[in-house]
Structures are given as C-alpha cells and as structure tokens.
Amino acid sequence: MARLAVVAALSLISLALGQTIGNGTEATEENVAPAVETVETDGASSGVDYFPYESSQLTTDVISNLTNYNLSNVELFDFSDTEVAAAKRSGRICKIYPGDKSWPVSQIWNLLNILLGGALVEGVPAAAPCYSDWPQYNETACESITSQWQTPSYQLSQPLGLQYYVFEGVSCLPPTLTRTGANCTLGGMPSYVIEATNVAQIQLAVNFARNLNLRLIVKNKGHDFKAKSTGSGSLSIWTNSLRDIQYLGSTYTHAPSGYQGPAFKIGSGIEALSLYEAADKLDLHIVGGNTRTVGLGGGYTAGGGHSPLSSLYGLAADQVLSMEVVLPNGRYISVDEKNYPDLFFALRGGGGSTWGIVTSLVIRAYPKAPVSTLTYTFSVGDTVPTETFWEGVNAVLAKFPEYADKGMYSYWSISCLTNCSFSMTPQWANNLTSDGLKSLSTPLFDELANLNISVANVVYTDFDGVLSAIDGTWAASSEQGGVWNFNTGSRLFPRSNWDSSTKFAAQNAAIRQAVEQAGLMLGYNIKAGTNPSVNQTNAVNPAWRETVLHALLGATWSQQATPADIAAANKNLVEMMQPWRDASPNAGAYLNEADINEPNWQQAFYGSNYAYLYQLKQKYDPWGLLWAPTAVGSEDWYVTGQIDYYPTQDGKLCPV
C-alpha cells in the first residue's frame, strides 16, 4: 500500500479544510505563487536547449520552499520513489472517483489551481450549452457549436474536444448530431483539465494524481480512434499549447546519436501542417501524416506514425533523436540513445499515454524533393463482370512490393456498396515527376487493358514537395472531427504473402470476402523503409518492418444506434476481420488505426516487443498512473460497467 501512503497519512478532515500557510492564513493567489522554478535553458541532458516553457519546472527546491512556507498538504505535490513503489505494486486499488469519500474537495482543487497558476479547468462538455439542464445553456451558443462541431479545428480547441467520440461513450454531442432524445452527461470525459503551458504544470498534475490515486489521462489533439485521451473521473493533461518549433540547422550535430544534418526541435503539441510549412520554407521535408491537425509529438509518433514519406525514410518514430519527458514519478528527464535508452526504445512506437508525458522532440529532416501523384478508378460494369474486376484488383495488389521499394505511397479504396469499384486516391511518388510516374504505371495499365478493364479519371499531377502535395490532394474540408458513427479494424499484410502464389491468392480472397461483406475498405501500399541515418531499433510493431500493405475495414451505424447496436456491429467487425488474420498469421495491426476489440492485441499491436515493454511499464510506472485501452499493461486494469464489444471510458478504473 506504499503507493497510497501519502493519502493515508493525510486526515480527511485536513483535506476538507481550507488550505493555509504560516500561522493559519488562508492560501490564495495573492499570497501563494505558482509552484515553479526557472532553470537554465542549457540544462537538458540531451544537449539541446529547453524551450522557454520547458525551463519552467517543478523541482525539489520548490517543494522544499512550499514546505518551509507551511503550506497545507504539500505532500500531494511531492515526487515519488519509483523503486519503492515497484516493490509494493500489489497494493493497487481502484482509482478514486467522484462521489467517493476520498475524492478531493473543492479546496484541494483550488490549491492545485493556485500552484498551477490558474491553469485548471473544470470539465464541462463542449456541447453543454445545447442542454437546458446545464448552467451553460444558451441556444445561440449551441447553434454556433453545432455548426463547427465536425471540424477538427473546433474539437482540438476545446478542453474536452475529441475527434472520435464513440469509445468515450457519446456522452454529450449537439442534439442534431446524436441520438434522438439523448441527454448530456460528463460520461467518459475528465472531471478536470490542466491546460498545460509549461513543464511545472505537467509535473504538478502527475504528482497530484499519483499521490491521490486519481485517474490521469493525457490529450494532445484528441485524434485517437480508441479514446485513449478520455476517462471518467479523471484529471486530464492537455498538451495542445506546446507548439514551439526550432530549426537546429543544416549542420546540426546530435551528440548522443552522432547524427549530423538538418533537424527540428518541436513541441509535442505542434500540428502536422505547421511543421510542414516551417520545413517547406527551408526547402526541407519531415516525416508526418497526411492529416493536417494531427499532433506529431503525441500518440501519432508514439504509436509509430506512417507517412507519405515512410517507404523512403521509415516511420515517424524512427526519426526521433531525443525527447524531453515527465515521468510517472514526476521527474523531468531527457531521453535518447545515451540517457534512459530503454525508455528511448519504448517511447518510439510503444504507444501513447503509457510511459510519460513528452513535452518536446528532436527529429531529423530531409532535403525537399518533388512529388507526383496519380489518381484513377475502375469498376464493375457492362463490359467488366465482377470476376474480371477482382482480377484487376489483384493486378494492382501484385505491384505493391515494387511500388513500395521505389519509395512510393498509395492510398486507395474498394467500395462494394453497389457495384464494386476501385479508387486510387492517390498513388504518391516521391522524387518522381509525372513523366516518371507514367512510365512506372504503364505496365499495370497495360495489364488492366488486357483484361478489358477501362481505367477512368486518370489524372497525373506534379508538386514541388510534400506541403503542396498534401494541399493539392486532400482538401482541408475533407477532414472531420467530433464523429462517432464508425469503428475501424486493420491488418499489416506481410511481404512474404507476395512471395508465394498460394499465400497471395489466399490473402486476396480474404480481402475480397471482407469487402463484399462490409461494403468498403481502405488501403495503403506502404513500407517502413530501412534508413541507416536514424536509429530504427525501437518499439514499433515488428510487423511494420515486413509489410507492404496496411489495410483497414470498418463497421458503421446510424445516428439512432443504441449501445447494443454498436456492440453488435463491433462484434461483426471482429468476425469479418478473422480471414485477414488467417491470411497473415503472426503479422499484426497498426495500433493507432486498429480495433479496440482486436483479439490478442498484445501480439497484434506490439508483436515480439510486448514482454519487454511490459517489464518497462512496471519499472517506470509501478503505480499504473498512465492507463489507456490496449496500451502496454492495460490488461492489469478494467473500466467498470462495460458491455462486450463496446468498451467506453464511462466508468471507474479498477485493478483486475
């Protein structure tokens, strides 16, 4: 029970009384300063200067000063000894929850807010103004909220905003965007949010949550499919504001790794588009996703992070040279090949909301190069019977190893909601002009012509680089947020399936079966390119190192769907995905774009790395402070009150 020793030592009466200093004077913003010390910016062990917000830290001296000031309950904000806690791991109990006797009273939350410098926000759903039983009710405000709701920019601007609400529990959406007659509750959303603008605030949140046994969650932009950044009764650390960018130069030398060349230091809250723009101005590229609003330093990189540049340079996790991180014990450290090398391994591909809170990263960059794209379609029709259509699909799939080896990236879909159709949207060629892409595509188009398949809507486009290619390929208006009407499963099909005609045929038959059942699939022809200039020994799912196809299948439901309806659709998705698993035994799935109900998720998402990662989780977080569904070590906990195949975050978190 050592992990609860601080709470046990504090009288509930003391926690309920007003917080004081000195001889009983009430603690207020007027007489208690934020708990922060400004350290030298060149103090990082990584050798890379701190950003200004990183030099504001919670230190042992700050805690000592608060103690000397006789501030009430300073113990709640102190650091912990990880080794002692690891030895007493068996003492875990349910996280305290609103309504529990040990839930902090308002005076305690007020003290936290004072020490944070006013960064604490009480959890209120963004759509609360749409409901008359909330004090925020305002019809005009509701109209404005509803009009913006499904834009990613609106969701990421809100303390409780999410891009995907389904596994939070769909607790409070605007009335026209949710079930008829639905009400608004806090549900699976946090009770309090810290809008973090410096490291000290993050450290205070970590120590406070750990010492009080609160559930702690971390949210960057809220893009996770599986609601990892939500949790009922939790305290949320919101890293959205950590958006600094620093170009370190074309001849930068990273001492711990020996890397020399262009690199950026980025805040963990930076959006992909902002970094693309900064890199483009310097005639550089960085490895990032094709969605503008994804936070590159959050779960995207922590989970691996695929990119239009991945077939050339590897995944986003491969590009990281160092990180600055707040650990579950509250300490702030530099992580790289020399400092905490085991954490450096885990933080690059081992999943978000698991190891610590990253505040910044140093990533390598690459010279800007031209991009060309190709879009086209073909479909079942009067002259193309169904069997011929699928022969055409197989001809496309057969090219995937060749295309990936040439550094290409293809995003495509098959729809069989009516007559089946194939859409390439687009094939993306790095370091190629459209003339080169035409030459590369001619053999495939000849094969399709020999099958009497007419290829339509063929468009080749040239771009000067990644930024213009993204802007010219995917309209910003095509990106959605605040939705809850689907779930996604995925599979990383191994290159070895292309080396055997029998395996290739079985794989393609499984793909066809699933598409004809589900009606739609998406796919990426991509590989995690081998890149000697970076350290690719990391926690990325080993299946990524073998794949040339990341394929996704979905389940959808109507706006009137009940939890039972959603559970049934999710169960059906698990079953529809089984032929894909059978066709790729011992492969896996991309954890950032996979099904929360994936069977044997430890193997599917982490592969042979899982046993080691689990050991590291116990080493660095013996309290189970950081928890998220399907994260390493998540099997040690459960959320109460759930139904099979539709797990949400609306419940108390308890140990198994």
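Analyst: Cys416 and Cys420 form a disulfide, with sulfur atoms 2.0 Å apart; a disulfide here is a pair of cysteine sulfur atoms within 2.5 Å. The torsion about the S-S bond is about 115°, so the link of Cys416 and Cys420 is right-handed. Cys416 and Cys420 are both buried. Buried means under 20% relative accessible area, exposed means over 50%, and partly exposed lies in between (1.4 Å probe, protein chains only).

This is a predicted model: local features need pLDDT of at least 70, side-chain atom pairs count only at pLDDT 80 or more, and totals for chains, interfaces and linings use all residues. Residues are numbered from 1 along each chain as its sequence is written, and side-chain values use heavy atoms, with hydrogens and water left out.

The structure holds 4 disulfides. With the bonded cysteines numbered in sequence order, they pair as 1-8, 2-3, 4-5, 6-7.

Another of these links joins Cys94 to Cys654, at 2.0 Å between the sulfur atoms. Its S-S torsion is 110°, and the link of Cys94 and Cys654 is right-handed. This pair connects distant parts of the chain, 560 residues apart. Cys94 sits in the loop between α4 (82-87) and α5 (106-116), and Cys654 in strand β26 (residues 653-655). Helices (H or I, at least four residues) and strands (E, at least two) are DSSP runs, numbered from the N terminus. Cys94 is partly exposed at 28% relative accessibility. Cys654 is buried at 4%.

Cys172 and Cys184 are also joined, S to S 2.1 Å. Here the angle about the S-S bond is -90°, and the link of Cys172 and Cys184 is left-handed. Both cysteines lie in the loop between α7 (152-156) and β6 (192-195), so the bond ties together parts that are 12 residues apart in sequence. Cys172 and Cys184 are both buried.

Next, the aromatic rings. The whole structure has 35 aromatic pairs. Rings of Phe, Tyr and Trp (its six-membered ring) pair if their centres lie within 6.5 Å; planes under 30 degrees apart are stacked, over 60 edge-to-face, and the rest tilted. Phe225 and Phe486 make an edge-to-face pair, 6.1 Å centre to centre with 85° between the planes. They are 261 residues apart: Phe225 is in the loop between β7 (215-219) and β8 (234-238), and Phe486 is in strand β22 (residues 486-494). Phe225 is buried at 18% relative accessibility, whereas Phe486 is partly exposed at 25%.

Tyr411 and Tyr524 form a tilted pair, 5.0 Å centre to centre and 35° between the planes. Tyr411 belongs to strand β19 (residues 409-415) and Tyr524 to strand β23 (residues 520-525), 113 residues apart. Tyr411 is buried at 18%, and Tyr524 is buried at 8%.

Charges also meet rings. The charged end of Arg348 sits over the ring of Phe344, 3.7 Å from its centre. The test is NZ of Lys or CZ of Arg within 6 Å of the ring centre and within 35 degrees of the ring normal. Lys438 lies over the face of Tyr460, at 5.3 Å from the ring centre.

Among the 18 residues that line the second largest pocket, the closest to its centre are Ile596, Trp627, Pro629, Trp637 and Pro647. A pocket is an open set of points on a 1 Å grid over the protein atoms alone, where a 1.4 Å probe fits, with protein on both sides within 12 Å along at least five of seven lines; lining residues have an atom within 4 Å of a point. Strand β25 (residues 637-639) gives the most to this lining, with 3 residues.
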